[in-house]
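Here are my notes on this one, point by point. Have the model open while you read.

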Amino acid sequence: VGIVTIKAIAVKNVETSNVVTESVTVNPVANTVADYNALDLGTIVRFGCPLRISYANKQHIFAQDADGNGIFMYSMNGIGAAANGKVIPENKLIGKVASYNSNKQLNFTDYTLPALTDGDAINPITVQLGALNDSYLYKYVMIPDVTLETGTLPEYYNVNGKLNFLVNEYD
């Protein structure tokens with residue numbers, strides 16, 4: 001990780017070229033969402049692990065790694081066929097560590113979402129409203145015994161001045 005210098009020389013029969021030097025930046029690889037969360041804002045990162053999508057809409061993807069840790073991704077270019085159960089293959093996703101509402105977000109606007117593969121759908125975790133905390137960040141949860149009145153509240157909610165969540169009124 002960091003800047004790597006590469007030197008090359010061409011040889012044909014007994015003739016040789018001049019040595020050419022090129023410096024390239026090698027970006028870190030996140031093998032888990034925890035690895036990603038340890039990176040500084042602005043870092044360009046490649047995911048070395050597959051990420052299974054739990055929810056997607058026009059510009060946002062919520063996914064998780066094999067450990068069940070959630071990640072939020074964003075692209076102004078749209079997200080194609082991303083949907084619950086689709087998998088972003090390992091070593092295919094590149095993005096920039098960014099921030100949204102003081103939490104990390106992977107912005108892949110300048111990069112292409114790779115071809116997705118099929119996987120198992122992710123079922124929501126049932127959580128009582130009073131038990132919601134930061135450990136559920138970017139995870140697919142179902143809150144039982146809560147009634148939302150259609151048309152009276154925005155799509156994004158805030159609990160106790162801290163916890164934000166998105167309501168999918170169609171599921």
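1. Ground rules first. Two strands count as paired if DSSP finds at least two bridges between them, and helices (H or I, at least four residues) and strands (E, at least two) are DSSP runs, numbered from the N terminus. This is a predicted model, in which local features need pLDDT of at least 70 and side-chain atom pairs count only at pLDDT 80 or more, while totals for chains, interfaces and linings use all residues. Residues are numbered from 1 along each chain as its sequence is written, and side-chain values use heavy atoms, with hydrogens and water left out.

2. Start with the open sheet: 8 strands in the order 5-6-11-12-9-8-7-10, with mixed pairing. Strand 5 (29–30) and strand 10 (87–88) sit at the edges with a single partner strand each, so one side of each has no neighbour in the sheet.

3. Pairings worth checking. Strand 7 (residues 51–56) and strand 8 (residues 60–64) run antiparallel, joined by 4 bridges; here Arg52 has Gln64 of strand 8 as its bridge partner. Strand 8 also pairs with strand 9 in the antiparallel sense, over 5 bridges, and His60 stands opposite Tyr74 in strand 9. The hairpin of strand 8 and strand 9 has 5 residues between the strands, and in it Gly68 takes a positive phi near 85 degrees. Strand 9 and strand 12, in contrast, pair in the parallel sense over 2 bridges, with Met73 opposite Leu106 in strand 12.

4. Strand 9 itself. How many of the residues of strand 9 are buried? The count is 5 of 5, where buried means under 20% relative accessible area, exposed over 50%, and partly exposed in between (1.4 Å probe, protein chains only). Gly70, Phe72 and Tyr74 cover one side, Ile71 and Met73 the other.

5. Aromatics. There are 6 aromatic pairs, taking rings of Phe, Tyr and Trp (its six-membered ring) with centres within 6.5 Å; planes under 30 degrees apart count as stacked, over 60 as edge-to-face and the rest as tilted. Phe72 and Tyr100 have ring centres 5.7 Å apart and planes at 55 degrees, so they are a tilted pair. Phe72 lies in strand 9 (residues 70–74) and Tyr100 in strand 11 (residues 94–100), so the pair ties together parts 28 residues apart in sequence. Phe72 is buried at 4% relative accessibility, whereas Tyr100 is partly exposed at 37%.

6. The salt bridge. The structure holds 1 salt bridge, defined as a side-chain nitrogen of Lys or Arg within 4 Å of a carboxyl oxygen of Asp or Glu. Lys86 and Asp118 form it (2.6 Å, N to O). Lys86 is in the loop between strand 9 and strand 10, and Asp118 in the loop between strand 12 (103–107) and strand 13 (125–126), 32 residues apart. Lys86 is partly exposed at 24% relative accessibility, while Asp118 is exposed at 66%.
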